[in-house]
Every structure is written in C-alpha cells, then in structure tokens.
Amino acid sequence: MKTKTFDFIPEDQRIMVLPENSKEETTKSGIILPNQIKEDVPIIGTVVRVGRGDEDRPMRYKVGDIIMTSSYSGIEAEIDLVGFGYHRYKVMNQMDVMGKLKEIKEEK
C-alpha cells in the first residue's frame, strides 16, 4: 500500500525540523532505544518548514537553517513530506531553539 505524501505549513511561531540523528539506536544486545528515552542531549537539525510569524515576533529562522534544540522540545511526527521524504520530524515553537549553527570554512 502506498503511503500518502503531505505538505505541512506550521502555524504562527512554529518550525518543522529534520533532525540529523532521527534514527533509533540499537544496543549490542539488540534492545532498541527510541529517541524519547535517551539523555537530554542537544539535537541538531535542518529547518524544513517555517510558520508566518506575527507582528510582535517575526520568524528568526528560515528553511535551510541548521539549528540546535533540546531533545525534549516540540513533538515528533513521522510523515512523508513533499521534497524531503518519509522521516521523523520535530515540530516546535521557534522560542525552543537554542541557536543557529553556522559552518566556518577553514582557509588553507
């Protein structure tokens, strides 16, 4: 059976993020550790959708930004998203983001 593909438009101050490490881990003994029971380690991810913001709080992030957030921030949703495919995404308020990461290119 073919899964449905959706697009998602976050409301107001929300963003949708594709975490870099969105896969579950398995211990040596074969026990699967879902992301929910791991320690609160920061999650790094790419912003894939943004809300429209409002007059008082314009959006700080745009599609393509790489951000860091707490593993407890937002909610997870597994969907087949147009342009990105089937993954486990996080939807959160932009205020839950710790900050934006900027890659520094070293000169040789």
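Leaving aside its neighbours within four places in sequence, which residues is Thr69 in contact with?

Modeller: Bearing in mind that this is a predicted model, Thr69, which is found in strand E6 (residues 66-69), is in contact with Val41, Pro42, Ile43, Met92, Asp96, Val97 and Met98, once its neighbours within four places in sequence are left aside. Because its relative accessibility is 1%, and buried means under 20%, Thr69 counts as buried. Its side chain makes a polar contact with the side chain of Ser73, at 3.1 Å, and the side chain of Thr69 also reaches the backbone oxygen of Asp96, at 3.0 Å.

Glu20 is found in the loop between E2 and strand E3 (25-26), and at 60% relative accessibility it counts as exposed; apart from neighbours within four places in sequence, Glu20 is in contact with Ile44 and Gly45.

As for the strands, E2 (residues 14-19) pairs with E8 (residues 85-93) in the antiparallel sense over four bridges, and Met16 stands opposite Val91 in E8. Strand E7 (residues 75-81) also runs antiparallel to E8, to which it is joined by seven bridges, with Asp80 having Tyr86 as its bridge partner in E8. E7 and E8 form a hairpin with three residues between them, and Gly83 in the turn has a positive phi of about 85 degrees.

Conventions:
Residues numbered from 1 in each chain as written. Predicted model: local features only at pLDDT ≥ 70, side-chain atom pairs only at ≥ 80, totals over all residues. Heavy atoms only, no water. Pairing = 2+ DSSP bridges. Helix = DSSP H or I, 4+ residues; strand = E, 2+ residues; numbered from the N terminus. Buried < 20%, exposed > 50% of the residue type's maximum accessible area, 1.4 Å probe, protein only. Contact = heavy atoms within 4.5 Å. Polar contact = N/O pair within 3.5 Å; in protein donor to acceptor, adjacent residues only side chain to side chain.
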